[in-house]
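The following note sets out some points to consider while examining a structure. Please read each one with the sequence and the model at hand.

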Amino acid sequence: MGITKKYWKGVDELKQTPSFIQQRDNEFPYQSSLDSFLGDEKLAEASSGRRDFLKFLGFSVAAATLVACEAPVTKAVPYVIKPEDVTPGLATWYASTYYDGISYASIVVKTREARPIFIKGNADFGFTKGGTNPQIIASVLGLYDGERLNGVRKKGSDENIAVSEADKAIVAALGKAKEVVVLTPTVISPANLKALENLKLKYTVNGQTAVKVVQYDAISYSAIRKANALNFGEGRIPSYDFSKAKAVVSVGADFLSTWLLANEYAVQYGTTRNPDGAWMSKHFQFESIMSITGSNADHRAQIKPSENVGVLNYILKGLGGNGSASPSLSKEATATADAAIKALKKAKGESLVVCGSNGLGEQLLVNAINQQLGSYGVTIDLNNDVKLFQGNDEEVNALFSRIMKGKAPDVLINLGTNPVYNSPQGEALKKGMERIGLVVSTSRYADETSSTSSFIVPDHHLLEAWNDYQPKADHYAIAQPTIRPLGDTYSMLESLLVWGGMAKRGGKDSSVAYDAISAGRMDFAKLVHNSCEAVAVTPFQPTFSARSIKSQVKSGDWEVVLYQKTGIRDGSMSSNPWLQELPDPVSKVTWDNYITMNPRQMESMGFATTFDQEHGLNLASVEVNGTTLTLPVYPQPGQAPNTIGIALGYGRGANGEAIGRAAYQTKEYGGLDLDENGNKKTIGLNAFACLSNQGGQVLYSAPVKMQKVDGTYLIAATQIHHTVMGRESIVRETVLGEYLTKDKEAYNPAHTLQRLNEHGHHEEAPIEEFDLWNAHPVEKVGHRWGMTIDLSSCIGCGSCLVACQAENNVPVVGKDEVRRGREMHWLRLDRYYASDVEVAVGEKKEDGSFSYSEAEIPSDNPSVVHMPLMCHHCNHAPCETVCPVAATTHSNEGLNQMTYNRCIGTRYCANNCPYKVRRFNWFNYPSYKKFTEVNPAQDDLGRMVLNPDVTVRTRGVMEKCSFCVQRIQSVKLDAKKEARTVQDGDLKTACSEACPTQAITVGDWNDNSSNIYKSSKDKRAYQALEEVGVKPNIWYKVKVRNEA
Amino acid sequence: MQKEAAIREPLILGHKTYHDVTEDVCKPIEDKAPRMWYILFSIALVIGLYGVGSICYLLGTGIGVWGLNKTIGWAWDITNFVWWVGIGHAGTLISAVLLLFRQKWRMAINRSAEAMTIFAVFMAGTFPLIHMGRLWVGYWVLPLPNHFGSLWVNFNSPLLWDVFAISTYLSVSLVFWYIGLIPDFATIRDRAKKPVAKRMYSILSFGWSGKAKHWNRFELVSLVLAGLATPLVFSVHSIVSFDFATSVIPGWHTTIFPPYFVAGAVFSGFAMVQTLLLVMRKAMKLEAYIHTKHVEYMNIVIMVTGSIVGTAYITELFISWYSGVEYEAYAFLNRATGPYWWAYWSMMTCNVISPQLMWIRKLRRSLLFTFFISIIVNIGMWFERYVIIVTSIHRDYIPAAWSMHYPSHIDIAVYIGTIGLFFTFFLLFARYFPVLALNEVKTILKGSGQSYKESPDYHKHH
């Protein structure tokens, strides 16, 4: 029996005095009712004077006016029943998998209050090992796009119809059809494949299936499959392992950014770029455009796309293989090829040769070279083949030809492809499709292709759906939903099952897809937790049979390369403002595509080679395969002479389709920009129309005719000066030979200043011995957060930038503002080209040839350095001293803090920042009309992507990188709860987490055992602008090129 | 009465009596304003209101309506601020420093120079206010007790020093100017016939009755204020220059700035005085009081300060090379040969070459030439600030962040608007206030009046 103790508030309660009882019972003792007030008879006699009356009147009017002011309606709905796994204020992470037809990654999705807000790579599970790319990170924003279809559409109507109505019509049509074609991006989902198989079984004509599945990839790699079919008997794409390749030769393959499973390769490549490791890979690149991969190469040669085959032949021959006589190559290309041959031989099979061309001749040569090198089984694994990109150009082309000729199937089921936009047939194909009896689409938008469909049964967003994937033979992965579907959308898997008669619609909380995927799995929970598992592989032991055919790539006086940009790629995410505003890592241009051309050639042809916010670039009109595009010409150092590059993925929505507001041009004062016919203006032009189908292959290069046309075009670039002007204190680079043999002073000299010693003589002393200020009390006390950035590892992919934007609610400002130099990115990627008067980027030539005017002009084929730059959190921060109201201050953990609430917006801090990393809110980005189309924070849906841990800034205040202070607080709190100190590795900033090559290390510098501390003491570590004396908390590490 | 050498040019020309002085100064106030005044006033007012409208748009929309960007956080705003503060320098220098040095020629010009100072400081003060991202919390720059806890201003910040410097300068100048006006207001009050005007001037003159006691106090206060104002003349622009000098930006971080800025300020201030007075003396028929000699004196000041400024420019260039600091050297090379070379060479031409022409006596005594040069000097001084501010930050340490500045039409409208407002105020001043310190001028009438100097008695008496 328990003892119930009683406590009293006071003696009154103990004694239960009458006054206490009265007080207790009368909860609101001083309240008098209105009736009793009005009923007071004295009131009638009371007189109020004229003054009193006026006072009351004035007060009432003022009060009424104030009340009439509209207060913003804020909606906050509390949980009635708290969901088990949602705690307000705490993030929940879900392991999942990303696949969109061109990228694949194991990911982890962060949700807050049941909203997915952030995606990062899964470093613990899956073969992508945490590697992502800007598109994968930014895809979370696509979830909250208000123009995503919200319900089933019937052709010719903007009203939604019931899904049952569409299903009925579709099933009826399928039953009657003699031929059904399912056009789909490569299906790597076993469950979907099963559903398609079932569809084939269900709909038959005379015992034969009426259903045919055609896989169509926006970007085709079918030449690799075809070449392997010829050489090895099976059309496989092998797994490549760049981490084992001591010598890498890429002929036009942008394998760090857009080629095949680039995010996997970037991680692998990153591990081979450590100059302190047992070995460092040697990377040769032969290419026409300056790609991200090319910008990282140790040796880069400029060739025309038609010369790919020549280079490959030359290498094959040099290796002792059976290379045919090659056409004459430039001296530079020959020299680079000779060096490549030497390196390949030296690597003894631990090497990899890849080619970006979709020509069969090239891919056969690549196979022959790799066979000659003995790379199969070392860096190339045919056993564990890649299941992505199964599209066959010949098959697709045959189908499209039939459709255009009107000999189309009775029913076309389009599982999210967009060939009207991204195939060269384009509009003609659209006309053909309009004649098909029934076209069903599962596209998420009423896009170029699906807008002509009889029915669109929109698929879920990737983050809303259950899915399973088999990206490689040995790998099975699960994608789990991280949010209840936002709109009336229908899992594609469910749709296929319903149309195949295998399931009934399950409504909003449908478990049809889940059941299909989890069927028969006892350990499904574990599988979902890990997101993937290994699958046994049937060994494939082929023999190599040599084949060669003539290249289908035509040469011309001028040739064009149709390439992908890392942010936009095939254009499927072109309504994603984060990606549109992501500066291209090489050109630094946002919101546009353009013609890249060699600046020296441009000069001789009369094109402007410099531009800024008010001075645009000249236009040129190019004719490729019968398509004419007029685009601005961008001066791209490193572009091979007589070649141009045009990015694919632009010009979406040429007929004003509802593919997202940010996919169209906006006006200077807000709103969508319309042309003279009242149509929305596309961003850039569609270069897919320039593709050609030669000998059964879609080719991404072609001969081109070009002509300068009148007019200029304003370009929005985040960087308009491209060299480092010989400044040695910003970027530092060296070559491996020098790094390994010489001491630190040779490649990473410390800054010194002169001072007088006690004998009155001049002596040199290191810069840290000079200080006007008292040391900031962050040394050796508590935490001191720091960061190192390894310029050797950084490949400039742009993932960190997008991750930072997503994590920190960085506003999108649109093309016009970027052009004016007002992008808000907290983290920027500076890209520098070497000039002819520099030995390397940032190292002046000693022969007296150096001049600033020459240093402004990049070399013809320059070496490139990518330098991520964010707030340096200086311990002697110049921004802190000049703020009149102390809005930016130093924390006792070494952070330079920005107090938005206190900021009055003088911008003095930004002016006084030597690194120019501070960003000012020039407008009210979350509400000003100029940004309605581009800034996701302006609508109710888009706002859901905002990170609730980070304030959305108002206009007139300064902002900048905070070192993800919300994450710092969170790891400190976690450590405190667990009664321990913060461990090294606990803290990861958004940028360090997103980096596929682990170039960024963060941690507590006061912890002498931490990686950051050790890294900062490395002989490669230096501080940018150290001699200014601001004592930053960021160290860079010298870039080491694997040159002789 | 002060003695003066006979060969000195008289400061007051013609046969003026004490009454004539009173008449000459008061007439424009008492008469109907000429048509020209209305025309000029309307133009100035329209331009001024356009500027006010632009400022309202700026405050309503955001600083983004200007042409600034992530690299260039200040451009026309602070250029205009420094330019106006510079112009506002002449008044106090004339009234305070020249008073202490007993330069009697100042009496003809000090009133309007001080008025100009005050209006220029008003205009100058506008820019630091409107350049703030959040003007509505701008009062946080004042060290006020507050409810934010122990939140205090940052006394390390030169911007805060600016707040104190400018506000002190404005208040002292205003008081100084007003003290001087009191006896003159009283004179106008005594002559006024219309009751409203009489009442107004009576209030303005604070009951001045011209007793010896009053004059005694007047003289004392003037002297004390002159003593107070003199250091301010040097402190204000020194402190304004600290905004740049204490920063780490090459081209800003320069120890030469305080004297160089003060000299530049006096230089531009005198130029503005010339511009205004050359028109005013003609329009208000004050040729007898403000004449070639005064203009020549001012031109000498322009010449000397212009030479100081020129020396500073050359010194800066030399030091940028001699320092061996890469960034500093490039900053100056970029000024002279970079994308803003035209601004640099406009500045050099206007500020270094043009004042040197004043060595030629004929030119410095030419009113037309002076008027022309006075405008050139102020154009040059605007460019000087633009060059210092914009060309330094548009290409500083990190080349990837380099940018260009192009003004928006709001930038231009706000600037032109302040010129409109300045002239609006000045025209009102010229219409309703005694533009000459008439009671002070009377003190030199016998000492330096032409008729007295030429009379045979002048030398006998003394």
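**Note on the predicted model**

1. The domain assignment, whose bounds come from an automatic or database domain assignment, divides chain A into domain 1 (233–385), domain 2 (559–569 + 584–717) and domain 3 (733–1041). The model is predicted: local features need pLDDT of at least 70, side-chain atom pairs count only at pLDDT 80 or more, and totals for chains, interfaces and linings use all residues. Residues are numbered from 1 along each chain as its sequence is written, while chains are lettered from A and ligands numbered from 1 in the order in which they are written.

2. Between domain 2 of chain A and domain 3 of chain A, the C-alpha centres are 32 Å apart. Their contact involves 20 residues of domain 2 of chain A and 24 residues of domain 3 of chain A; two residues are in contact if their C-beta atoms, placed from the backbone, lie within 7 Å. On the side of domain 2 of chain A that touches domain 3 of chain A, nine residues are nonpolar, seven polar and four charged. Here Ala, Val, Leu, Ile, Met, Phe, Trp, Tyr, Cys and Pro count as nonpolar, Asp, Glu, Lys and Arg as charged, and the others, Gly among them, as polar.

3. Chain A contains 32 helices and 48 strands. These elements are DSSP runs numbered from the N terminus: helices are H or I with at least four residues, and strands are E with at least two. The radius of gyration of chain A is 32 Å, close to the 31 Å that the globule rule gives for 1044 residues, so chain A is as compact as a globular protein of that length. That radius is taken over C-alpha atoms, and the rule is 2.2 Å times the number of residues to the power 0.38. Along the principal axes, the C-alpha atoms of chain A fill a box of roughly 115 × 105 × 75 Å.

4. Of the 1044 residues in chain A, 57% are buried. A residue is buried if 20 or more other C-beta atoms lie within 10 Å of its own, exposed if 12 or fewer, and partly exposed in between, with C-beta atoms placed from the backbone. Among contacts in chain A between residues at least 6 apart in sequence, 73% join residues at least 24 apart.

5. One open sheet of chain A has four strands in the order S45-S36-S47-S46, with mixed pairing. Strands S45 (1000–1004) and S46 (1021–1022) of chain A are its edges, each pairing on one side only; two strands pair if DSSP finds at least two bridges between them. Strand S36 (residues 785–790) of chain A runs antiparallel to S45(A), joined by five bridges. Across this pair, Ile789(A) stands opposite Ile1000(A), and Met787(A) stands opposite Val1002(A). Is S45(A) enclosed or open to the outside? Five of the five residues of S45(A) are buried, so this strand is largely enclosed by the rest of the structure.

6. Helix H14 (residues 360–373) of chain A has 14 residues and spans 20 Å from its first C-alpha to its last, close to the 20 Å expected at 1.5 Å a residue. The expected span is 1.5 Å times one less than the number of residues. This helix, H14(A), is mostly covered, with 13 of its 14 residues buried. Just after H14(A), Gly374(A) has a positive phi of about 80°.

7. Chain B has 18 helices and zero strands. Its C-alpha atoms fill a box of roughly 75 × 55 × 45 Å, taken along the principal axes. Buried residues make up 52% of the 462 residues in chain B.

8. The contact between the chains takes 46 residues from chain A and 41 residues from chain B. On the side of chain A that touches chain B, the elements giving two or more residues are strand S37 (828–833), helix H28 (878–882), helix H29 (908–911) and strand S43 (919–920) of chain A. The residues on that side of chain A comprise 23 nonpolar, 13 polar and 10 charged.

9. Glu880(A) lies in helix H28 of chain A. Glu880(A) is buried, with 22 other C-beta atoms within 10 Å. Leaving aside neighbours within four places in sequence, Glu880(A) is in contact with Thr888(A), Thr889(A), His890(A) and Asn896(A).
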